[in-house]
Amino acid sequence: MNTHDSSRPSPQAKLNPTELDYQSHSHSGGELSSEQNPHATVSLTAYLTVWVVLMVLLAVTVGAAFIHMGPFNLTVALLIAFIKAILVILIFMHVKVGSRLVKIFVVASFVWLGIMFVFTFADYATRSQLPMSSGWLMEQRPLSSGWDAQKREPAKGLVKQSANP
Amino acid sequence: MSDSYSQSISPSAALPHADHGHGHGGHAPHVAHQFEDAAQQKEAVTLGMWSFLATEIMFFGGAFLAYFIYRTSYHQAFAAASLKENWWLGCLNTGVLLCSSLTMALAVHSAHDGKSRGIVMWVSATILFALIFLGVKAYEYTHLYHEHLIPGRNFDIHQEQFPPAANTAEAIEHAEYIRRGAQIFFSFYFAATGLHASHMFVGIGIMIWLIVKAMRGRFTRDYYNPVEITGLYWHFVDIVWIFLYPLLYLVERTAGH
């Protein structure tokens, strides 16, 4: 099975704007604008290799979780997750052999996600500690006006547990 | 152009518009009218699916964002709550979904080669893995219910890992904090995995449809777009779980922390 990288447009397509990309003249990979190669695919070997790598990375994720790295446990876990996601996107979802436009759509999705994350985190990170909210770093101080502010009874773990409902 | 239907039972059953003859405009029968050719149709279909997946990324992304905000505020509570999850079952489920992604990719691969039987076989395998995943999830949910870990009135996270020194106000406050934070964690757990599971049910439904269509010879070497984009959907569902697993099951697993 061939693995075509169809993201590079042929020189013909660039110099000849009147020749629309969507008009196919032949189905051989070279003459058709490489943006629109419908026969580009990923090889069986690539699928199996990626699958093995994914399983290995799963084992690494679990293993790393049991190693004390402090705040870096989260970093490592997310890093591995991102690598797995990128492998799935590129190989299983055929983005590697897809057109440039498909690649743009994929990247754009995560750009929008990134905007949401960056702005929201920036908001929380730059808040000062307000007396009526838990704030950003006030881990030990519960909300003074939470949904259960009315009933300030001790948590169940401290008192003898009542009969099972 | 009409020779691409060697696997069809009958041409009319397979064509998108069966009432038009083959001499209509010279385009292939499996290409809808608005497209120039099969390549453009395939590109449009792929971009359409990715547009939908972009909305799904934002959909789940919102939940993930809220999770991170609360995890920072309630890290200790999240750690305590996450310990209640069965990491081994979650790991098994992750492996099951990764296998289902492989079988789905192999189904698309079969479709590319024009092998309907391969499509049916691999999509069936994908459904099987999906059902295993959902079965394990059902067991987990049941277990959490019996452990009083469903947020609400009867929520009760036993705090053996945080034994209060005394019945002081501070200890009570800390226990309250843990209780609140743990309920927030489990709210995320049920909301996120529930949302994920509902996506899996929809995916299974679509895959059943795919099997039916494949058995009727709908897909050929030149036209298998539905198989391809179902694959995109399924891989997305897999990616969501790839992120959910460490965030829900592996918050803090180092002994002696």
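1. Helices, numbered from the N terminus, are DSSP runs of H or I with at least four residues. By that numbering, helix H2 of chain B gives the most to the lining of the second largest pocket, with six residues. A pocket here is an open set of points on a 1 Å grid over the protein atoms alone, where a 1.4 Å probe fits, with protein on both sides within 12 Å along at least five of seven lines, and its lining residues have an atom within 4 Å of a point.

2. This is a predicted model, in which local features need pLDDT of at least 70 and side-chain atom pairs count only at pLDDT 80 or more, while totals for chains, interfaces and linings use all residues. Residues are numbered from 1 along each chain as its sequence is written, chains are lettered from A in the order in which they are written, and side-chain values use heavy atoms, without hydrogens and water.

3. The lining of this second largest pocket comprises 19 residues, and A:Phe82, A:Phe110, A:Leu113, B:Phe64 and B:Phe243 lie nearest its centre. Two or more residues each come from H3 (72–92) and H4 (100–125) of chain A, and from H2 (38–73) and H7 (225–249) of chain B.

4. Between chain A and chain B, 70 residues of the former are in contact (heavy atoms within 4.5 Å) with 75 residues of the latter. The predictor gives the complex an ipTM of 0.84 and a pTM of 0.77.

5. For chain B the average pLDDT, the predictor's confidence in each residue from 0 to 100, is 88. Over residues 1–15 of chain B, however, pLDDT stays under 50. Where pLDDT is low, the predicted coordinates should not be read in detail.
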